[in-house]
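Morning, everyone. Please look at the sequence and the model on the screen before I start.

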Amino acid sequence: MAETSAGHGTAPDYRAGFAVLVGRPNAGKSTLTNALVGQKVAITSAKPQTTRHTIRGIVHRSDGQLILVDTPGLHRPRTLLGQRLNDLVAETLSEVDAIGFCIPANERIGPGDRYIANQLAGVPRKPIVALVTKADLVDRAALAEQLLAVEALGREVVGGEGWSDLVPVSAQDGYQVKTVEDVLIGHMPSSPPLYPDGELTDEPEAVMVAELIREAALEGVRDELPHSLAVVVEEIVPREGRSEDNPLLDVRVNLFVERPSQKAIIIGRGGSRLREVGTAARRGIEALLGTRIYLDLHVKVAKDWQRDPKQLGRLGF
Ligand SMILES: Nc1nc2c(ncn2[C@@H]2O[C@H](COP(=O)(O)OP(=O)(O)OP(=O)(O)O)[C@@H](O)[C@H]2O)c(=O)[nH]1
């Protein structure tokens with residue numbers, strides 16, 4: 001559970017990195033994400049209030065690893081909050097290795113798409129893969145027409161050759177989902193795997209345990225710890241020497257915050273708050289796992305982890 005490096009032999013041309021799918025509401029981002037990562041559970045333990053840098057899922061292949069992160073969605077800034085949100089989005093976009101821009105096949109390109117296209121064009125030197133989604137909803141002629149329109153948008157907004165790639169896809173029936181995967185992984189940098197294969201995403205229980213602890217730790221201090229808490233379940237192991245009818249699980253967990261002041265908030269005076277967090281979380285975890293647990297919580301400072309998606313990898317996310 002706690003390993004942060006994958007054990008499998010890494011191919012010399014192995015690629016790994018981060019990608020984000022953007023597009024206006026309803027463009028098919030979530031459905032495509034699910035189609036790419038399969039049935040694996042999205043990791044929710046890193047989920048801050050903003051969905052920035054939340055990992056939605058990981059595509060594991062023998063030749064590479066594609067980590068799909070979330071953004072709060074691109075909105076046209078109407079309010080200051082909107083502007084802040086867009087700054088966050090811009091930051092996320094600048095930190096990923098590739099961007100997938102989703103435009104539905106069955107709707108004309110509108111101002112929302114143009115707005116996003118312009119935002120994307122402002123991110124320097126970033127592969128942008130235009131994805132014409134929901135291809136199953138239109139016939140071949142209409143799909144061809146939309147592809148031409150999306151290509152024209154790319155030349156107009158990005159300039160030069162336009163988008164790095166243009167791929168029609170249907171998450172619904174699986175058409176070209178593999179191609180999307182190939183194209184995105186092709187844009188990832190040469191890198192060893194950033195996440196151990198299948199870990200966490202394959203273990204909904206660990207994810208839920210982390211989420212329960214996160215909830216307990218944020219209770220009452222959300223304002224002071226807005227987006228700065230990551231919970232990593234290091235291990236869940238049966239205590240040796242216990243009889244079968246009286247089992248105990250040792251649950252070892254690290255809580256990562258960004259600053260020493262935040263660590264002090266979590267721990268509380270004389271450790272009082274951390275004890276409360278442990279008690280509250282333990283109840284939920286025991287209910288979840290159906291067995292008694294010993295919960296071992298450690299609070300650590302990992303500076304600026306949120307701003308660095310690769311750091312998340314090192315933390316085992
Ligand atoms: N027929 C068809 N429908 C799709 C496809 N992909 C998504 N949809 C549908 O389109 C709607 C929106 O899809 P989502 O994946 O939720 O879109 P989204 O971009 O994540 O939306 P927001 O969360 O609002 O940003 C849903 O009703 C999906 O079922 C597809 O490939 N084919």
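Residues are numbered from 1 along each chain as its sequence is written.

Confidence to begin. pLDDT is the predictor's confidence in each residue, from 0 to 100. The protein has a mean pLDDT of 80, and 76% of its residues reach 70 or more. Strand E5 (residues 128-133) has the highest confidence, at 98, and helix H9 (residues 309-314) the lowest, at a mean of 52. Two stretches need care. Over residues 1-8 pLDDT stays under 50. Over residues 198-202 pLDDT also stays under 50. Where pLDDT is low, the predicted coordinates should not be read in detail. For the complex, the predictor gives an ipTM of 0.98 and a pTM of 0.63.

Now the overall make-up. The protein has nine helices and nine strands. Helices (H or I, at least four residues) and strands (E, at least two) are DSSP runs, numbered from the N terminus. Of the 317 residues, 39% count as buried. Buried means 20 or more other C-beta atoms within 10 Å of the residue's own, exposed means 12 or fewer, and partly exposed is in between, with C-beta atoms placed from the backbone.

On to strand E3, residues 64-69. How many residues of E3 are buried? Six of the six, so E3 is largely enclosed by the rest of the structure. In a regular strand the side chains alternate between the two faces of the sheet. Here, Gly64, Leu66 and Leu68 point one way, and Gln65, Ile67 and Val69 the other way. Take Gln65: this residue counts as buried because it has 25 C-beta neighbours inside 10 Å. Its C-alpha is separated by 9.1 Å from that of serine 191, 126 residues apart along the chain.

Which strand joins E3? Strand E1 (residues 15-22) does, through six bridges, and the two run parallel. Strands pair if DSSP finds at least two bridges between them. Phenylalanine 18 stands opposite isoleucine 67 in E3.

Next, helix H8, residues 272-289. H8 has 18 residues and reaches 25 Å from its first C-alpha to its last, close to the 26 Å expected at 1.5 Å a residue. That expected span is 1.5 Å times one less than the number of residues. Val277, Gly278, Ala281 and Ile285 are buried in H8. Just after H8, glycine 290 takes a positive phi of about 70°.

Two loop residues also have positive phi. Most residues other than glycine have a negative phi. Lysine 134 has a phi near 60°. It sits in the loop between E5 and helix H4 (140-157). Lysine 134 is buried, with 24 other C-beta atoms within 10 Å. Glutamine 176 has a phi near 70°. It lies in the loop between strand E6 (165-168) and helix H5 (177-186). Glutamine 176 counts as partly exposed, with 18 C-beta neighbours inside 10 Å.

Terms used:
Contact = placed C-beta atoms within 7 Å.
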